[in-house]
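Here are some friendly notes to read alongside the model. I have set them out as numbered points so that you can follow each one on screen.

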Amino acid sequence: GDLDLWIGSVDGSNLRRLTRDNTYSEIEPRFSPDGKQLVFERPTNSGQSFKGNLLEHDVWLIRTDGTDLRRLTKHRYFEVSGPCFRSDGKAVFYAADVPPMDMGSRKVLYEMPTHGITPPRVLFGSLSEDEVSSTVSNPALSPDGTQFVCISGYNQPFPYDITLLSVEGKLLRRLNLGKQSGDVDQPRFSADGKSIYYLRGATLWQANLQGKETRKIATLYQL
């Protein structure tokens, strides 16, 4: 079914519903630095209005009291991943495919001001059809707001791996933790910003920022 946004305490109490609709699913919500807004991904067409059987996605904002629901991007991307606020709360980062709709084969990292007046800016990757562009997905910002961890093809289609980028979009390093396409996923910084957590299949792993000292944290489910 369609997924709505809810907010509550970490212990599961004080639940409040922020969105109510039977058409769209709101996913990947993340808080603004001041805790007053959420950014998330949401389709812009419904299951009854497919274009070539594809949903079209954009980045949205909403206040944590459920007001001011606002569509930030208007590009109808094939895919969006990892929307998150810049540390000053005045812009949002996200990864999405290259428009016009590129069937998800090429994705770049964008920065979009929250005022929504100026268009998104490419931080990493290329919009040019003449260049081989890294596929960037699942970006996550470090606690100090200075760098991203993401999945990227490192200026080639394969293999995908965990990569560090500066907040300005400069390539810092590839961690060489992936062995094949889809082998690693959902990278996130630790709370102190000194290590990376990531998924490999059904297991959760940890590594330092150089891709060393890897250790298995937990098996999440049995395949």
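1. A word on terms before we start: strands here are DSSP runs of E with at least two residues, and they are numbered from the N terminus. In that scheme Arg173 belongs to strand β14, and Arg174 is in strand β14 too. Please keep in mind that this is a predicted model.

2. The overall picture. The protein chain has 18 strands and 0 helices. Of its 223 residues, 49% count as buried. The accessible surface comes to about 11700 Å², with 50% of that belonging to carbon and sulfur atoms. Among contacts with a separation of 6 or more, 33% are between residues 24 or more positions apart.

3. Strands β13 and β14 form a hairpin, with 4 residues between them. The two strands run antiparallel and are joined by 3 bridges. Across the pair, Leu164 in β13 faces Arg173 in β14. If you step through the turn, look at Gly169, which has a positive phi of about 95 degrees.

4. What does Arg173 contact, once its neighbours within four places in sequence are left aside? The partners are Thr163, Leu164, Leu209 and Gln210. For Thr163, 10 residues away along the chain, the C-alpha separation from Arg173 is 5.9 Å. With Leu209 there is a polar approach: a polar atom of the Arg173 side chain lies 2.9 Å from the backbone oxygen of Leu209. Arg173 counts as partly exposed because its relative accessibility is 32%.

5. Asp161 is in strand β13 (residues 161–166) and Arg174 in strand β14 (residues 171–174), with 13 residues separating the two. Asp161 is buried as well, since its relative accessible area is 1%.

6. Salt bridges elsewhere. Side chains of opposite charge can pair when their charged atoms come close. The count for this model comes to 9 salt bridges. One of them joins Glu79 to Lys107, with the closest N and O atoms 2.9 Å apart. This pair links distant parts of the chain, 28 residues apart: Glu79 is in the loop between β6 (70–71) and β7 (80–85), while Lys107 is in strand β9 (residues 107–113). Glu79 is classed as partly exposed because its relative accessibility is 35%, whereas Lys107 is classed as buried because its value is 10%.

7. Which residues are linked in a network of salt bridges? They are Arg86, Asp88, Glu111 and Arg121. Within this group, the side chains of Asp88 and Arg86 meet in a salt bridge of 2.9 Å, N to O. Both of these residues are partly exposed: Asp88 has 41% relative accessibility and Arg86 has 24%.

8. The sheet towards the end of the numbering. Strands of a sheet pair through backbone hydrogen bonds, either parallel or antiparallel. Here 4 strands make an open sheet in the order β15-β16-β17-β18, and the pairing is antiparallel. The edges are β15 (185–189) and β18 (215–219), each of which pairs on one side only. From one strand to the next, the twist averages 25 degrees.

9. How many bridges does β17 share with β18? Strand β17 (residues 203–208) and β18 are paired over 4 bridges, in the antiparallel sense. Trp205 stands opposite Lys216 in β18, which gives you a handy place to start when you inspect this pairing.

Terms used
Residues are numbered from 1 along each chain as its sequence is written. This is a predicted model: local features need pLDDT of at least 70, side-chain atom pairs count only at pLDDT 80 or more; totals for chains, interfaces and linings use all residues. Side-chain values use heavy atoms; hydrogens and water are left out. Two strands pair if DSSP finds at least two bridges between them. Axes are lines fitted to C-alpha atoms, for helices over the stretch in contact, and angles run from 0 to 180 degrees between N-to-C directions. A salt bridge is a side-chain nitrogen of Lys or Arg within 4 Å of a carboxyl oxygen of Asp or Glu. Buried means under 20% relative accessible area, exposed over 50%, partly exposed in between (1.4 Å probe, protein chains only). Contact means heavy atoms within 4.5 Å. Accessible areas come from the Shrake-Rupley method with a 1.4 Å probe; for residues, only the protein chains shown count as cover. A polar contact is a pair of N or O atoms within 3.5 Å; within protein, one must be able to donate a hydrogen and the other to accept it, and residues adjacent in sequence count only if both atoms are side-chain atoms.
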